[in-house]
Amino acid sequence: MATSLAQQAAEIHNSGSGGQPQIPDDVEFYQPYEVDQITLPERAQCLAVKAFLKMCDIPFLIKLRSNAEHMSPSGVVPFIKAGSQIISEFDPIVEFLSMKGVSLSEELSGGQKSEMKAYMALSINRLYLAELFLAWNVKKTADEVTKPRYGSPYPWPLDVILPFLKQREIMAYLKAQSWHDFLPEQVYDEVNLCCKALSDKLGEQNYFFLDRPTELDALVYGHLKTLQMMEAEDERLARMVNKYDNLVRFCDRIRDRYFIERERSR
């Protein structure tokens, strides 16, 4: 029986020098190509993990692969390769690094950690589901944007068959989450309600809990910044984020500190 992620991480922890966890210096980050292959939900997830790694000050090399999804152990991008370990998706990557002694929320109290996890669940249960719905369950967007991007790496007839199978998979997932029969207006309402809750929580603070980012900040940034960048494809999504001034400042702050400044300092 395959060991769990937590067991694997614990073994790594115990096998490090002097019992101390070791972070490989050759971390690789795998995702689809940005320009013409990545879908809306994938873009948000990839940006959230990139933000988290940068906030943890972990150097990583981006590896663009047309078949990144099929290389992933969970079938979902992004994933990282750290030494001999391959870990995919935001929460497992956070857990993996936490077992190695890297955490952005160690200073939080038990109550604050519970609250942080609740807001992370809110972000996943609203923003990520909305991204899946709008990308795959809105016919015009699915036919004109999502399916062509998803199928672009493959020759005919795979460029038609694989997007069809992926759409069917997403529809089953949305149905399990009771989102399958939503109308687009209901989905936009969910996005707006989530943005309002995050705006209310953030208030006038720079970050959600501390004077520096936590895992919640990385996750929220990945989703909100992606929605902001959707202006050309879905202006309404961008407007929902941009009407909350503190969320706009929050996104700009993280972009400037962890993406623009880091790139300039290289």
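**Group meeting: a walk through a predicted fold**

Hi everyone. The protein on the screen has 11 helices and four strands. Please keep in mind that this is a predicted model.

Let me begin with some overall figures. The protein has 266 residues, and 47% of them are buried. Its accessible surface is about 13,200 Å², with 51% of that belonging to carbon and sulfur atoms. If you take the contacts between residues at least 6 apart in sequence, 74% of them join residues at least 24 apart.

Now, the inside. In soluble globular proteins, nonpolar side chains tend to be buried together. Here, the largest nonpolar core has 74 residues. Which of its residues touch the most other members? They are F52, L53, F90 and F250. As for where the core comes from, helix α5, residues 110–136, gives the largest share, with 12 residues.

Let's zoom in on F52 for a moment. Setting aside the neighbours within four places in sequence, F52 is in contact with F90, I93, V94, L97 and L104, and also with E215, A218.

Two packed helices are described by the angle between their axes and the distance between the axes. So what are those values for α5 and α8? Helix α8 covers residues 184–202, and α5 and α8 pack at about 150°, with 10 Å between their axes. The cut-off for roughly antiparallel is over 145 degrees, and α5 and α8 are therefore roughly antiparallel to each other. Their crossing is left-handed. If you want to colour the contact, on the α5 side select E115, Y119, L122, S123, R126, L127, A130, F133 and L134. On the α8 side, select P184, V187, Y188, E190, V191, C194, A197, L198 and K201.

While we are on this helix, have a look at N125, which is found in α5. Is N125 buried, partly exposed or exposed? Its relative accessibility is 36%, so N125 counts as partly exposed. Across the chain, N125 and E190 are 65 residues apart, and their C-alpha atoms are separated by 9.5 Å.

The crossing of α5 past α7 is left-handed. From α5, the residues that meet α7 are L129, L132, F133 and W136. Their partners in α7 are P163, K166, Q167, I170, M171, Y173 and L174.

Helix α9 is residues 215–228 and helix α10 is residues 235–242; their axes come within 7 Å and cross at roughly 125°. That makes α9 oblique to α10. The residues making this contact are L224, L227 and Q228 of α9, together with L237, A238, V241 and N242 of α10.

Where are the cis peptide bonds I'd like to show you? One joins V77 and P78, with omega about 5°, and P78 is found in the loop between α3 and β3. Another runs from W156 to P157, with omega near 5°; P157 sits in the loop between α6 and α7.

There are also positive phi values to point out. D57 has phi near 60°, and D57 is not a glycine. This residue lies in the loop between α2 and β2, and with a relative accessible area of 57%, D57 is exposed. S178, also not a glycine, has a positive phi of about 65°. You'll find S178 in the loop between α7 and α8, where at 55% relative accessibility S178 counts as exposed.

Last stop: S84, in the loop between β3 and β4. S84 counts as exposed because its relative accessibility is 67%. S84 and P24 are 60 residues apart along the chain, yet 9.3 Å separates their C-alpha atoms.

Notes. Residues are numbered from 1 along each chain as its sequence is written. This is a predicted model: local features need pLDDT of at least 70, side-chain atom pairs count only at pLDDT 80 or more; totals for chains, interfaces and linings use all residues. Side-chain values use heavy atoms; hydrogens and water are left out. A nonpolar core is a set of buried Ala, Val, Leu, Ile, Met, Phe, Trp, Tyr and Cys residues joined through side-chain atoms within 4.5 Å. Buried means under 20% relative accessible area, exposed over 50%, partly exposed in between (1.4 Å probe, protein chains only). Helices (H or I, at least four residues) and strands (E, at least two) are DSSP runs, numbered from the N terminus. Contact means heavy atoms within 4.5 Å. Accessible areas come from the Shrake-Rupley method with a 1.4 Å probe; for residues, only the protein chains shown count as cover. Axes are lines fitted to C-alpha atoms, for helices over the stretch in contact, and angles run from 0 to 180 degrees between N-to-C directions. Angles under 35 degrees count as roughly parallel, over 145 as roughly antiparallel, 65 to 115 as roughly perpendicular and the rest as oblique. A crossing is left-handed if the near helix is turned anticlockwise from the far one by less than a right angle, and right-handed if clockwise.
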